[in-house]
Amino acid sequence: MSRVTEIVWVDAQHPDPGDLARAGSYIRAGQLVAFPTETVYGLGANALDAAAVAGIFAAKGRPADDPLIVHVADLDAVAALVTVLPPIARALAARFWPGPLTLVLPHSPAVPANVTAGLGTVGVRMPAHPVALALIRAAGTPIAAPSANLFTRPSPTRAADVAADLGGRIAMILDAGPTAHGVESTVLDLTGDQPRVLRPGALTVEALRAVLPDLAAPGPAGPTDPAAARRSPGTMLKHYSPRAEVLVLDGEDTARVRAALADVVGAARTGGRRVGLLLVDEDLAALAALPPGPDLVPLALGPGIDLPGQARRLFAALRDLDQAGVDLIVTRAPASAGLGLTVRDRLRRAASGRVQRVE
Ligand code: TXA
Ligand code: MG
């Protein structure tokens with residue numbers, strides 16, 4: 001599957017109408033177009049065209065049992081995709097759309113089976129990015145789009161990340177610069193007895209609880225309910241992984257965690273491994289006494305208090321450390337409040353579950 005991928009710079013606020021018209025016609029013709037959203041870059045196809053959707057799975061190497069999110073430019077477009085639009089879905093859309101919230105609802109017959117992976121439900125969201133919305137309008141159809149990375153790789157927050165994974169496999173990449181949130185949407189299941197967060201994301205559980213007091217959500221150590229994992233197959237453990245091995249240290253006693261970080265890094269270097277140290281500024285500063293060398297690559301995630309900044313930089317940092325040729329990435333999980341829950345989830349899965357508790 002080799003072809004020339006057209007990579008086009010688009011101004012986020014004033015995208016060139018000609019470029020968007022061309023991108024829209026690719027989508028209508030069953031081709032794949034990668035585009036920016038406020039979370040990560042998406043790999044788009046006509047959501048109502050099963051053959052086009054099959055192309056997404058082929059380009060990503062994604063297993064067929066992992067359903068896709070359908071992106072719309074207005075709430076009216078949802079009506080054709082679902083059998084019911086309950087009042088709570090309308091209220092959530094009114095409050096949080098356009099934005100990083102995916103609503104899982106019972107799907108209508110209009111949605112091809114490969115979009116929904118046969119689950120009986122469809123995830124829908126209205127992205128808050130002018131280029132994404134303009135593309136959906138130009139295409140004149142809802143757009144199915146997973147994150148525009150190869151299966152199991154970190155999600156792309158820059159067009160160059162998309163090109164590295166999917167260049168030569170898709171028709172076009174719309175480049176509007178780095179994405180704002182850097183982590184994906186929050187996936188909320190509205191089909192059960194109780195609303196349930198299937199994947200923590202850019203919209204915090206706390207923000208949702210203000211509207212949904214009975215919201216069920218994963219705890220700080222991840223989903224404990226295997227049924228929840230089955231409901232959202234894409235929340236499987238190995239995901240978002242760089243080539244390097246990832247080790248996450250987790251603990252509340254900062255002095256002890258820093259001592260453990262120093263020990264782990266020292267042992268890995270003694271063993272001849274090149275280590276990437278991915279930490280917030282304060283933790284990196286505390287480890288400044290580690291002997292420098294070509295086998296130690298520090299990467300700062302910004303101030304500890306700036307969780308949005310950590311979320312925004314996370315996937316790009318994992319990819320950049322791969323570029324730097326490290327064998328092992330050592331990092332620390334933030335506390336679980338707010339976006340911390342989302343960053344913890346992505347780190348745990350980047351590490352395929354290798355989380356070391358420090359008491
Ligand atoms: O921010 C985002 O959500 C990005 C941008 C491009 O919109 N998209 C994204 O798509 O992250 P993807 O395919 O990489 O992740 C979608 C997640 C997966 O975990 C999938 O299992 C879940 O949403 N999902 C999609 N449809 C679902 C459904 N009907 N029921 C349960 N989970 C669903
Ligand atoms: Mg993804």
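Guide: In this predicted model, an oxygen atom of ligand 1 lies 2.9 Å from an N or O atom in the side chain of Arg 62. This is a polar contact, a pair of N or O atoms within 3.5 Å; within protein, one must be able to donate a hydrogen and the other to accept it, and residues adjacent in sequence count only if both atoms are side-chain atoms.

Visitor: Which atom of ligand 1 does the side chain of Thr 121 approach?
Guide: A polar side-chain atom of Thr 121 is 3.0 Å from a nitrogen atom of ligand 1. For Ser 147, a polar side-chain atom is 2.9 Å from an oxygen atom of the ligand.

Visitor: How much of ligand 1 does the protein bury?
Guide: The protein buries 98% of the 680 Å² that ligand 1 exposes when taken alone. Such areas come from the Shrake-Rupley method with a 1.4 Å probe; for residues, only the protein chains shown count as cover.

Visitor: And how many residues surround it?
Guide: Ligand 1 is surrounded by 28 residues, each with a heavy atom within 4 Å of it. They divide into 12 nonpolar, 10 polar and 6 charged. Here Ala, Val, Leu, Ile, Met, Phe, Trp, Tyr, Cys and Pro count as nonpolar, Asp, Glu, Lys and Arg as charged, and the others, Gly among them, as polar.

Visitor: Which element gives the most to that shell?
Guide: Strand S6 does, with 4 residues. Helices (H or I, at least four residues) and strands (E, at least two) are DSSP runs, numbered from the N terminus.

Visitor: New topic: what domains does the chain have?
Guide: The assignment, which is automatic or from a database, gives domain 1 (6-229) and domain 2 (245-357). Their C-alpha centres lie 29 Å apart. The contact, meaning heavy atoms within 4.5 Å, takes 28 residues from domain 1 and 19 residues from domain 2.

Visitor: Where is the cis peptide bond?
Guide: It joins Trp 97 and Pro 98, with omega about -10°. Pro 98 lies in the loop between helix H4 (87-96) and strand S5 (101-106).

Visitor: How should I read the numbering and values?
Guide: Residues are numbered from 1 along each chain as its sequence is written, while chains are lettered from A and ligands numbered from 1 in the order in which they are written. Local features need pLDDT of at least 70, side-chain atom pairs count only at pLDDT 80 or more, totals for chains, interfaces and linings use all residues, and side-chain values use heavy atoms, with hydrogens and water left out.
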